[in-house]
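Subject: Structure handover

Hello,

Here is the structure I promised to pass on. Please open it first, then read my notes below.

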Amino acid sequence: MAKDKILRLILGDQLNENHSWFQKPDKAVTYVMMEIRQETDYVKHHVQKVVAFFAAMRAFAEKLRAKDHALIYLPLDDPNNQQTIAGNINRLLKEKHFNHFAYLLPDEYRLDIELQKMVKTLPVSWDAVDTEHFLTRRQDFKDFFDGKKRYLMESFYRQMRKKHDILMDGDKPLGGRWNFDVENRRRYDGRVPIPKPKLFHNDVRKLHQMIEKGGVKTFGDIDPGHLIWPVNRSQARALLNAFLKDGLKEFGTYQDAMTTQSWSLFHARISFALNTKMLHPLEVIEAAIRTWEKEKRTIKIQQIEGFVRQILGWREYMRGIYWALMPRLGCMNYFNHRAPLPDYYWTADTKMQCMRAAIGQSLEHAYAHHIQRLMVTGNFALLAGVHPDQVDEWYLGVYIDAIQWVELPNTRAMSQWADGGLVATKPYVSSANYINKMSDYCRQCAYDRQRPHGEAACPFNSLFWNFFNRHHQKLEKNPRIGMMYRTWYRKDPKEQKRILKQAETYKKNLNRL
Ligand SMILES: Cc1cc2nc3c(=O)[nH]c(=O)nc-3n(C[C@H](O)[C@H](O)[C@H](O)COP(=O)(O)OP(=O)(O)OC[C@H]3O[C@@H](n4cnc5c(N)ncnc54)[C@H](O)[C@@H]3O)c2cc1C
Ligand code: SF4
């Protein structure tokens, strides 16, 4: 049958204006976009996340219409909206007599399976095409690591640099090294001022009212007259440019720094724009390299390499991990952790200053930077033995950029080591030492960072030793951790007992810390 009436589905994180689908209008094609309860309700989301996604989808729909594409947009409160993808697609195919259906490959396993199942039941022909966003295909990663025990990011990253000829000098890395981490990752020392984050003032009051009226369950704060996140491509570009102007020159240096003086330091805050595909990763990398080439006097190679590593390395690598390990990854729990997530993850009401700061800004802005996610909230959940399902649920809900393909490998594998070390060679855990080294939190805390037990002892300290002690069978032989066990075993047994007793007390009273 001739495909002369085609329905094409665009999901909320597929806002790639430069996709070949959208290059010129086609009379045979109608696009459909939908705001559905299926997506607002699969996890409890931060309110800014729901609103930002819908606002960006609406702006994208407007853009397509302005370019003369035919488009059906189903708002959440449309009485004809069936609130599921399958419900809406089946209704439209029938009512509007489409004779072909097409979709862009979803990045989430859940939706991938759902669409694969759905198309098999459709009364029309169908096809699925690539989103033209990532720099690797789902399968590439599996092929690259075929037969290897561990998926090492460093080897993947080097191969990506070569393949895309990024920061290369022939077949050698520019600057003579692949990695400049030793020069990076300093505590914030006030040497240069922290740039003011570029914020938008999008008026999303109507959208916010709609989701409230519809009874969508959300959490977190919002000022609906002034949504700070970019909701269209020109805002996304403006955010990127602000970072290139103000953030890039210190990006690597303070990448792991944390301070109460700023919630975003020198970070780009472009993850929402990237994950919705308003920005393309190569466009970001190329723009950053152009800036560096023009300003080599002020931007050192370690800054640009550090930034490129995040996008070309970590982001693509995490996506590869996701597709290589799904659906297994979603159930992994190597340490058999069972504790519930403490209540303060939802309120920031805790005496631990580091946790209060990281959770507080997550609730306020739907954002925390990487090291806060990894070494504060993630570290604490792992030390406290929280069930990875609950950790995942929180991370998937709270962040503006949280989509499962990137949230899950970062949370379950990297941060909770629930994969037993396929991704990270050792668990990312620390006592107060690391947090104090990288932040000013401990100075303002009710707890004493130096005490492992006793009055006001920092909970991270005793929980840290408790973690290694309780998992010694699983970790002791790991060559990267051996040193930690030697230190632990050298401690006076009475001191060990006091530390473990303190940890037990804290674990029994997790909600009161
Ligand atoms: C427990 C945990 C959960 C996370 N959940 C998410 C998530 O749901 N969505 C998400 O996009 N990122 C997630 N990350 C990765 C990272 O923290 C965020 O991408 C980053 O904080 C976004 O802020 P930014 O744009 O200011 O990043 P910058 O620090 O400015 O980095 C630039 C870009 O690099 C990419 N990037 C950096 N690190 C990573 C990484 N580890 N994985 C993937 N991309 C990376 C992002 O696209 C980011 O926008 C998580 C990390 C941890 C430890
Ligand atoms: S003392 Fe402990 S709880 Fe307080 S900020 Fe430092 S690491 Fe966090």
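Exposed here means over 50% relative accessible area, buried means under 20%, and partly exposed is in between (1.4 Å probe, protein chains only). Helices (H or I, at least four residues) and strands (E, at least two) are DSSP runs, numbered from the N terminus.

Before going on, some ground rules. This is a predicted model, in which local features need pLDDT of at least 70 and side-chain atom pairs count only at pLDDT 80 or more, while totals for chains, interfaces and linings use all residues. Residues are numbered from 1 along each chain as its sequence is written, chains are lettered from A and ligands numbered from 1 in the order in which they are written, and side-chain values use heavy atoms, with hydrogens and water left out.

Back to H19. Its buried residues are Gly 482, Tyr 485 and Trp 488. They sit on the same side of H19, because they cover an arc of only 120° around the axis. The arc is taken from the directions from the helix axis to the C-beta atoms. These buried residues pack against H17, helix H18 (472-475) and H20. Contact means heavy atoms within 4.5 Å.

**Helix H20**

H20 covers residues 493-508, which is 16 residues. From first C-alpha to last, H20 reaches 22 Å, close to the 22 Å expected at 1.5 Å a residue. The expected span is 1.5 Å times one less than the number of residues.

Which residues of H20 are buried? They are Glu 495, Gln 496, Ile 499, Gln 502, Ala 503 and Tyr 506. Their arc around the axis is only 130°, so they lie on the same side of H20. The cover over them includes helix H17 (459-470) and helix H19 (482-490). The face turned away from the buried side carries exposed residues: Pro 493, Lys 494, Lys 497, Lys 501 and Lys 508.

Look at the start of H20 too. There, a side-chain oxygen of Asp 492 comes to within 3.0 Å of the backbone nitrogen of Lys 494. A polar contact is a pair of N or O atoms within 3.5 Å; within protein, one must be able to donate a hydrogen and the other to accept it, and residues adjacent in sequence count only if both atoms are side-chain atoms.

**The sheet**

Five strands make an open sheet, with parallel pairing, in the order E4-E2-E1-E5-E6. Strand E4 (70-74) and strand E6 (125-129) are at the edges, each with a single partner strand, so one side of each has no neighbour in the sheet. Neighbouring strands are turned by 20° against each other on average, direction ignored. Two strands pair if DSSP finds at least two bridges between them.

Strand E5 is worth a look. Five of its five residues are buried. His 100, Ala 102 and Leu 104 point one way, and Phe 101 and Tyr 103 point the other way.

E5 (residues 100-104) is joined to strand E1 (residues 6-9) by four bridges. Leu 7 stands opposite Phe 101, and Arg 8 has Ala 102 as its bridge partner. Five bridges join E5 to E6. One of the partners there is Val 129, for Leu 104.

Helix H2 (residues 47-66) lies across strand E2 (29-34) and E4, and runs at about 160° to E4. Axes are lines fitted to C-alpha atoms, for helices over the stretch in contact, and angles run from 0 to 180 degrees between N-to-C directions.

**Three single residues**

- Lys 351 is in the loop between helix H11 (301-325) and helix H12 (353-365). Lys 351 is partly exposed, at 41% relative accessible area. A polar atom of its side chain lies 3.0 Å from the backbone oxygen of Arg 512. The C-alpha atoms of Lys 351 and Arg 512 are separated by 8.5 Å, although the residues are 161 apart along the chain.
- Asp 392 lies in helix H14 (residues 388-398). Asp 392 is buried, with a relative accessible area of 7%. Not counting residues up to four places away in sequence, Asp 392 touches Glu 407, Leu 408, Thr 411 and Arg 412.
- Trp 314 lies in helix H11. Trp 314 is partly exposed, at 22%. Leaving aside neighbours within four places in sequence, Trp 314 is in contact with Met 153, Arg 309 and Met 414.

Best wishes
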